[in-house]
Amino acid sequence: MGTTTGAESDGAGSDGARVDALLAEMTLDEQAALTAGVDLWHGPGVERLGVQPLKATDGPGGARGERWTGRPVACFPCGSSLGATWDPDLVRAVGERLGIEARRRQADVLLAPTVNLHRHPLAGRNFECPSEDPYLAGRYAAAYVTGVQSVGVACAIKHFTANDSEFERMTISSEVDERTLRETSLVPFEAAVREAGVWALMAAYNRVNGTYCSEHAALLAILRDEWGFDGVVVSDWFGTHSTVAAADAGLDWEMPGPAQWLGSHLAAAVRAGEVEPATVTAQARRLLMLAARTGRLDSAARTPEEHPDDPEDRSVARRAARESFVLLRNEAGSLPLGPDVRPIAVIGPNADAEIVQGGGSARVEPHSVVTALAGLRARFAPDGVEIVHEPGCPPFNPAPVLDHRVLDGLIRVEYFADRERTGEPVLVEEVRRAHLQYFLGSTPTGVPSDFALRS
């Protein structure tokens, strides 16, 4: 899984010279502005010098784009499934397709892969992570990053580090001695840096031994001084907690925007003598190098996001899902099921629900979903095999989401530019599921942040 390492691809080349020339023309305020986002997904760019804004999108099971819901994208198996394939070449192929999908979303940075370790069965984001084993997680990390970055999209590998619990996620401190860190939690990140030359890394929400990861100088020094990481360190969303400590430790990019700690606050700290100007220049240089590596220094303004249903994405996703299956025992040769097996009992509510992924930032809107029950019926009903489904106890607290299984066709949604739904809608679209989510202004293009909808 060899690729050019970060140290080999850095600033001595033409990109480095161009970046240095840009830095020489930039003011302190322009350099500092690069260190903070302007909204949920974008950096500011430098319009005066033709530098386009960097754009990030969530992973790791798909490249969602700017909207949380309403736009279908390719949905790939989760990290635990990919880890269960034990196949770095297949993981690399998935990464390449995810990089292509990120490009379709006009994104430069895919916020993935998640390579924290399974440390407790109740950890809420275990499904995003490949394994409890550091070595396997390292193989996964290097392969995934190599695949994504092969098409010119940066990975922001996450969450650095010891981010193994969702309990009090924004403040909890993981108390870990140095040997344990180096032999467990740091292993997949080291593989991503040393072997795959990852271009970005996301600092975790939690503290490690009392210090927030986004301002943990000792941890970030391991990255840069020991491993040779020359990429961008970005905060987890709202995971920045200071100006001076974060900048001096090595945090480059506060997300999301508008800035609460870096950006203009960082420029003010320089003028107050609290931060060295060279620190800001180094941050800006790393961000500009990321723009160069992802082609953002050369590209024109972005075009609208594209959402094709690509057969190659489907093929790779299906192969990855198939290879993730682990059969421990096959008594009496019962599997695979054949037409002589009748009837077939399907038990559990999720067999008839479109549950194919985890939630949160890893969730995407798939192009289509075949439930387990529907798949079995499609395969065996033509042969006259009876399929019996017993859902048991429903898992829903709120009412289940309406979708195409109970509706006749797609759902028409009309958006209005005020809360009273007056006048003509500013946008009309159709969606598969009555699940629409808007987070921090991530409304559809042309729809203001203060809006109403009707379906």
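Which residue's side chain meets that of Asp-29 in a salt bridge? The legends below, which describe close-up views of a predicted model, begin with this pair.

**View A. A salt bridge between Asp-29 and Arg-271.** The partner of Asp-29 is Arg-271, and the two side chains meet with a distance of 3.0 Å from N to O. Asp-29 belongs to helix H3 (residues 28–33) and Arg-271 to helix H11 (residues 264–271), so this pair ties together parts that lie 242 residues apart in sequence. Asp-29 is partly exposed, with a relative accessible area of 40%, whereas Arg-271, at 56% relative accessibility, counts as exposed. In general, side chains of opposite charge can pair when their charged atoms come close. The structure as a whole holds 32 salt bridges, and some others are shown in the next views.

**View B. A salt bridge between Glu-66 and Lys-55.** In this pair the closest N and O atoms are 2.9 Å apart. Glu-66 lies in the loop between strand S1 (56–58) and helix H4 (79–83), while Lys-55 lies in the loop between H3 and S1, so the bridge ties together parts that are 11 residues apart in sequence. Are these two residues buried or partly exposed? Glu-66 is partly exposed, with a relative accessible area of 29%, but Lys-55 has a relative accessible area of 1% and is therefore buried, the limit for that word being under 20%.

**View C. A salt bridge between Arg-224 and Asp-252.** Here the side chains meet at 2.8 Å, again taken from N to O. Arg-224 lies in helix H9 (residues 217–226) and Asp-252 in the loop between helix H10 (244–249) and H11, so that parts 28 residues apart in sequence are tied together by the pair. Both Arg-224 and Asp-252 are buried. Elsewhere, salt bridges that share partners join Arg-97, Glu-101, Arg-104, Arg-105, Asp-310 and Asp-313 into one network.

**View D. The surroundings of Arg-105.** Arg-105, one of the residues in that network, is found in the loop between helix H5 (88–104) and strand S2 (109–111). With a relative accessible area of 0%, Arg-105 is buried, and its side chain reaches the backbone oxygen of Ala-63 at 2.9 Å. If residues up to four places away in sequence are not counted, Arg-105 touches several others, among them Lys-55, Gly-65, Val-73, Glu-305 and His-307.

**View E. The packing of H5 against helix H6 (residues 134–149).** The axes of these two helices are 6 Å apart and the helices pack at an angle of about 35 degrees, with H5 passing H6 in a right-handed crossing. The contact includes Val-91, Gly-95 and Leu-98 of H5, together with Tyr-140, Ala-143 and Gly-147 of H6. Sorted by class, this contact has 7 nonpolar, 4 polar and 2 charged residues.

**View F. The packing of H5 against helix H13 (residues 311–324).** In this view the axes come within 10 Å and cross at roughly 145 degrees, and H5 passes H13 in a left-handed crossing. Residues of H5 including Leu-90, Val-94, Arg-97, Glu-101 and Arg-104 meet residues of H13 including Asp-313, Val-316, Arg-319 and Glu-323. By class, the contact of H5 with H13 has 5 nonpolar, no polar and 7 charged residues.

Conventions
Residues are numbered from 1 along each chain as its sequence is written. This is a predicted model: local features need pLDDT of at least 70, side-chain atom pairs count only at pLDDT 80 or more; totals for chains, interfaces and linings use all residues. Side-chain values use heavy atoms; hydrogens and water are left out. Helices (H or I, at least four residues) and strands (E, at least two) are DSSP runs, numbered from the N terminus. Buried means under 20% relative accessible area, exposed over 50%, partly exposed in between (1.4 Å probe, protein chains only). A polar contact is a pair of N or O atoms within 3.5 Å; within protein, one must be able to donate a hydrogen and the other to accept it, and residues adjacent in sequence count only if both atoms are side-chain atoms. Contact means heavy atoms within 4.5 Å. A salt bridge is a side-chain nitrogen of Lys or Arg within 4 Å of a carboxyl oxygen of Asp or Glu. Axes are lines fitted to C-alpha atoms, for helices over the stretch in contact, and angles run from 0 to 180 degrees between N-to-C directions. A crossing is left-handed if the near helix is turned anticlockwise from the far one by less than a right angle, and right-handed if clockwise. Ala, Val, Leu, Ile, Met, Phe, Trp, Tyr, Cys and Pro count as nonpolar, Asp, Glu, Lys and Arg as charged, and the others, Gly among them, as polar.
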